[in-house]
Amino acid sequence: MADKVSLINDRDQINAVQDLIVERAEELGFPSATLFALRLAMEEAIVNAFHHGHRDLAPETPITVEYTLSPERIRVAVEDQGPGFTPAAVPDPTLDENLENPGGRGLVLIRAYMSRVRHNDRGNRVEMELTVPEEL
Amino acid sequence: MNRHRTLRKKGEFQMQDAALPVRIDSLDGVTVLVPRGDIDMSRAPSFREHVRRAINAGAPKVVIDLSEVEYMDSSGLATLVEAMRNAKQASVALMLCGLHQKVLAIFEIARLHQFFKIEATVEDAIAAS
């Protein structure tokens, strides 16, 4: 069963939850590259939830973060209370015409670093999974 | 105070302030910025201000040495893209150097390694045209 926490847009709270999850992953023996990827993906997902998902909501509106960790797999889900978005409609920041746009790279980084990424139909929840690569 | 912990090489963590320490050197008329620590959402505004001042100070070239930055997320990328745009408008040559492999990987995923001029060392960046 997943652990679940509510977070408001407070940097100390956000960092505390991220650190807790990264520390657990570290205790399970995940390598530093995985810890880097995990922290990066959580940061991008949480920032997206507050900055985009909650853009029109009261500042104290919380998001939820659910997480489960095992030696083989890390799952983190971030859900906001906003109206949701359509991931396919987000401009691709890696296209030549978008390279000079400052923002919009969070989703690309999440997809690059996570083994699996899934959005719910409403588009207000992202589920991310990191698995240990199988040895050849 | 806004504080957070950053991933360390040894897998340890260290508390850091939201203000990003940035050393500023002047070598052969080139301004060299050396930020130290993580560049994330909480520290990107501080970094942005340092870079903005350097670009507006009048030096023909500004080098950002990222050799002491071991973590950066999309807020750091956004800050640097904005800096490059500002540098172009001000006719300042902006170059990056010293990127750690993990940080360089983020640039490559975002295809920004094609947008920035990136050199291995400060000396290379200063010598590059």
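Predicted model: local features only at pLDDT ≥ 70, side-chain atom pairs only at ≥ 80, totals over all residues.
Residues are numbered from 1 along each chain as its sequence is written, chains are lettered from A in the order in which they are written, and side-chain values use heavy atoms, with hydrogens and water left out.

Look at that hairpin first. B:Ser26 stands opposite B:Thr31 in strand 4 of chain B. Two residues sit between the strands, and B:Asp28 takes a positive phi near 50°.

Now follow B:Thr31 the other way: B:Thr31 also stands opposite B:Val62 in strand 5 of chain B. Strand 4 and strand 5 (residues 61-65) of chain B run parallel, joined by three bridges. Step back and you'll see an open sheet of five strands in chain B, ordered 3-4-5-6-7 with mixed pairing. Strand 3 and strand 7 (117-119) of chain B are at the edges with a single partner strand each, so one side of each has no neighbour in the sheet. From one strand to the next, the twist averages 25°.

Next, the helices of chain B. Helix 1 (residues 44-56) of chain B packs on the sheet and touches strands 3, 4 and 5, its direction making about 175° with that of strand 4 of chain B. Contact means heavy atoms within 4.5 Å; axes are lines fitted to C-alpha atoms, for helices over the stretch in contact, and angles run from 0 to 180 degrees between N-to-C directions. Helix 2 (residues 74-89) of chain B lies across strand 5, strand 6 (93-97) and strand 7 of chain B, at about 150° to strand 6.

On to the interface. Chain A puts 31 residues into the contact and chain B puts in 32. Together they bury about 2,800 Å², 58% of it on carbon and sulfur atoms (buried area is the accessible area, 1.4 Å probe, that two parts lose on being put together, summed over both). In chain A, the residues losing the most area to chain B are A:Phe36, A:Arg39 and A:Glu100, together 24% of what that side buries.

Four salt bridges cross the interface of chain A and chain B (a side-chain nitrogen of Lys or Arg within 4 Å of a carboxyl oxygen of Asp or Glu). A:Asp96 and B:Arg111 meet in a salt bridge at 2.9 Å, N to O.

Key:
Pairing = 2+ DSSP bridges. Helix = DSSP H or I, 4+ residues; strand = E, 2+ residues; numbered from the N terminus.
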